[in-house]
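Thanks for coming. I will go through one model this morning, starting with a single residue and ending with the sheet and the core.

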Amino acid sequence: MNGPLSLLAELTHRCPLRCPYCSNPVALERREGELDTAEWRDVLGQAAALGVLHVHFSGGEPMARPDLPELVRHASGLGLYTNLITSGVLMDGMRLAALAEAGLDHVQLSFQDVAPAEADRIGGYRGGHAAKLRAAALIRAADLPLTFNFVVHRQNCARIGAMIDFAAGEGANRVEIAHTQYHGWAERNRDALLPDRVQLEAADRAVAEARVRHGDRLAIDYVTPDYHADEPKPCMGGWGRRFLNVAPDGSALPCHAAQTLPGLRFPSVREQSLAEIWFRSEAFGRFRGVDWMPETCRGCARREIDHGGCRCQALALAGDAAAMDPVCGRSPHRPAVDAILAGRPVTAPDLIYRRH
Ligand code: FES
């Protein structure tokens, strides 16, 4: 078994935005429970020794941590490729200069929409869109590679073409259009966010047309929504195969939603080394490989492609994390997904915002 390739370092759950599609847990970690600087430095050192190549500093809003430049410098010194996943609303020239000087390799900047008022409404943060535009200009001026990220849903997916054009116009090298995943807080807003089939087909067309319009001048990543598919996605590239997530309190997770799974104890980096957790913990071994799979999945030609799909989705929709991914057309739980699609209200209910 190989070591992980990527570390998602969730430095904090604190965030100025209140996005209804947030996939962080419903119960957030408080500042007092977060790993401190020395603990994160240790985690980064252990990750590099395990063979991790990329570290994604995330949250919450990672710029809420004053020690972010120190952590970037440490990771960079260890030879890790460093990516900052940020909303940009806390960025200013001095903070970006400190990060660039520390060796930051890449920034992924999130946008809630291309229409400013809608963007601020979805993020629950007045002036957020304008702050993000200022952040984008600073990142471009610092000559850092820049990805724009849009999470899309029924309330904004009509503007996907405009989002991609906006990313190109603002100098992004890459744009990621990701349909909402209904984990954590987002599950509460599913009816308010889930697109219908007609919207989805229009979204797919908008992405295809934008690919033609922009050619290879702009990389476009498109993450399609699960519920309308009939084959599961290879969530996280397979449980415990490539990705290691460390939550703000030090819990090591195979995916950022894994804490919802009952009956599994996710070890903390405060108790065990990353190597012990990765290679020997029950939690990381639980859904690794094919032995745990239901018989249909074990005999399926796609078992090494989708790795059994998403365990958190199986729990949310089938009530059993070890069940076949309910999205799969061969799953006995597929009717649960079809019932959600059929029961989607015509008018979107009010959004339920996070409170921090
Ligand atoms: Fe946890 Fe897919 S989000 S396995």
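Is R121 buried or partly exposed? By C-beta neighbours, R121 counts as partly exposed, because 17 of them lie inside 10 Å. The scale runs as follows: 20 or more other C-beta atoms within 10 Å is buried, 12 or fewer is exposed, and in between is partly exposed, with C-beta atoms placed from the backbone. R121 is in helix α4, residues 116-123.

Some housekeeping. This is a predicted model, in which local features need pLDDT of at least 70 and side-chain atom pairs count only at pLDDT 80 or more, while totals for chains, interfaces and linings use all residues. Residues are numbered from 1 along each chain as its sequence is written. The chain averages a pLDDT of 96, with 100% of the residues at 70 or above; pLDDT is the predictor's confidence in each residue, from 0 to 100.

Now the sheet. It is open, has nine strands in mixed pairing, and the order is β7-β6-β5-β4-β3-β2-β1-β8-β9. β7 (219-223) and β9 (252-253) are at the edges with a single partner strand each, so one side of each has no neighbour in the sheet. Strands here are DSSP runs of E, at least two residues, and helices are runs of H or I, at least four, numbered from the N terminus; two strands pair if DSSP finds at least two bridges between them. Strands β4 (106-111) and β5 (146-152) run parallel and are joined by five bridges. F111 is opposite F150 in β5.

Next, R242, in the loop between β7 and β8 (243-246). R242 is partly exposed, with 16 other C-beta atoms within 10 Å. Leaving out residues up to four places away in sequence, R242 touches P4, L5, S6 and G237. Contact means C-beta atoms, placed from the backbone, within 7 Å.

Last, the core. The largest nonpolar core has 97 residues, and V55, F57 and I160 touch the most other members. Such a core is a set of buried Ala, Val, Leu, Ile, Met, Phe, Trp, Tyr and Cys residues joined through C-beta atoms within 7 Å. Beyond four places in sequence, the contacts of F57 include A9, L11, L68 and I85. In soluble globular proteins, nonpolar side chains tend to be buried together.

Key: Two residues are in contact if their C-beta atoms, placed from the backbone, lie within 7 Å.
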